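Please open the model in your viewer and keep the selection tool at hand. The stops below say what to select next and what is there.

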Amino acid sequence: MPLCLKIMLDPDISQTLISGLDNHLMDVFPFDKVDVKKSVQLPSSCWNANRRQYDANCLLAFASSHNSTGIVLLIISKDTYVPELNFVFGIALTGVGAVVSVYRLEDDPEFLQKEITHELGHVFGLKHCSLPCVMTFSNSVWEARLKTSIFCEKCWGQLEQEEL
Ligand SMILES: [Zn+2]
Ligand SMILES: [Zn+2]
């Protein structure tokens with residue numbers, strides 16, 4: 001069965017920021033098709049007014065409820081968190097999809113592409129990696145900036161075997 005990636009964008013994500021992203025993701029991951037849905041209104045129930053951030057798990061549940069087949073990727077402009085961390089660049093659920101925030105990515109399409117590659121790596125079952133690899137865990141913008149944007153040989157091999 002062909003594997004489709006559905007990308008959902010909040011209204012503040014610019015075209016410039018995501019240009020070339022669909023082709024890159026089809027090169028790296030076994031997607032046959034990428035659909036982009038623009039101007040998705042984020043549910044206010046996922047907004048935490050005290051933290052002034054979106055609850056990443058809530059957004060992922062929202063995104064996956066709007067997607068029946070394939071993988072979903074929600075890209076948002078606002079900052080996002082999970083309860084145990086100050087912020088996250090994104091979160092992922094294996095076999096389901098991911099949420100990625102551009103908030104800390106300095107309006108840089110390559111930086112965004114790298115974070116999305118990392119989260120989709122998780123969607124395809126990869127864990128954090130200790131080699132120089134896009135699957136390295138980053139705790140700060142500085143670390144994320146510094147890490148490579150490609151998979152190490154081990155992760156790449158694992159990704160090629162992965163069947164969703
Ligand atoms: Zn990760
Ligand atoms: Zn690796």
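Select strand S3 together with strand S4 (residues 53-55), which run antiparallel and are joined by 2 bridges; strands (E, at least two residues) and helices (H or I, at least four) are DSSP runs numbered from the N terminus. The model is a predicted one, in which local features need pLDDT of at least 70 and side-chain atom pairs count only at pLDDT 80 or more, while totals for chains, interfaces and linings use all residues. Residues are numbered from 1 along each chain as its sequence is written, and chains are lettered from A and ligands numbered from 1 in the order in which they are written.

Pick Trp 47 next, and you will find its bridge partner in S4, Tyr 54. Now widen the selection to the open sheet of 3 strands, ordered S3-S4-S6 with mixed pairing, where two strands pair if DSSP finds at least two bridges between them. Strand S3 (47-48) and strand S6 (80-81) are at the edges with a single partner strand each, so one side of each has no neighbour in the sheet.

Move on to helix H4 (residues 109-123), whose 15 residues reach 21 Å from first C-alpha to last, close to the 21 Å expected at 1.5 Å a residue, the expected span being 1.5 Å times one less than the number of residues. Just after H4, select Gly 125, which takes a positive phi of about 95°.

Finish at Ile 75, which, leaving aside neighbours within four places in sequence, is in contact (C-beta atoms, placed from the backbone, within 7 Å) with Ile 7, Leu 9, Ile 13, Ile 18, Val 100 and Val 102.

Notes. Two residues are in contact if their C-beta atoms, placed from the backbone, lie within 7 Å.
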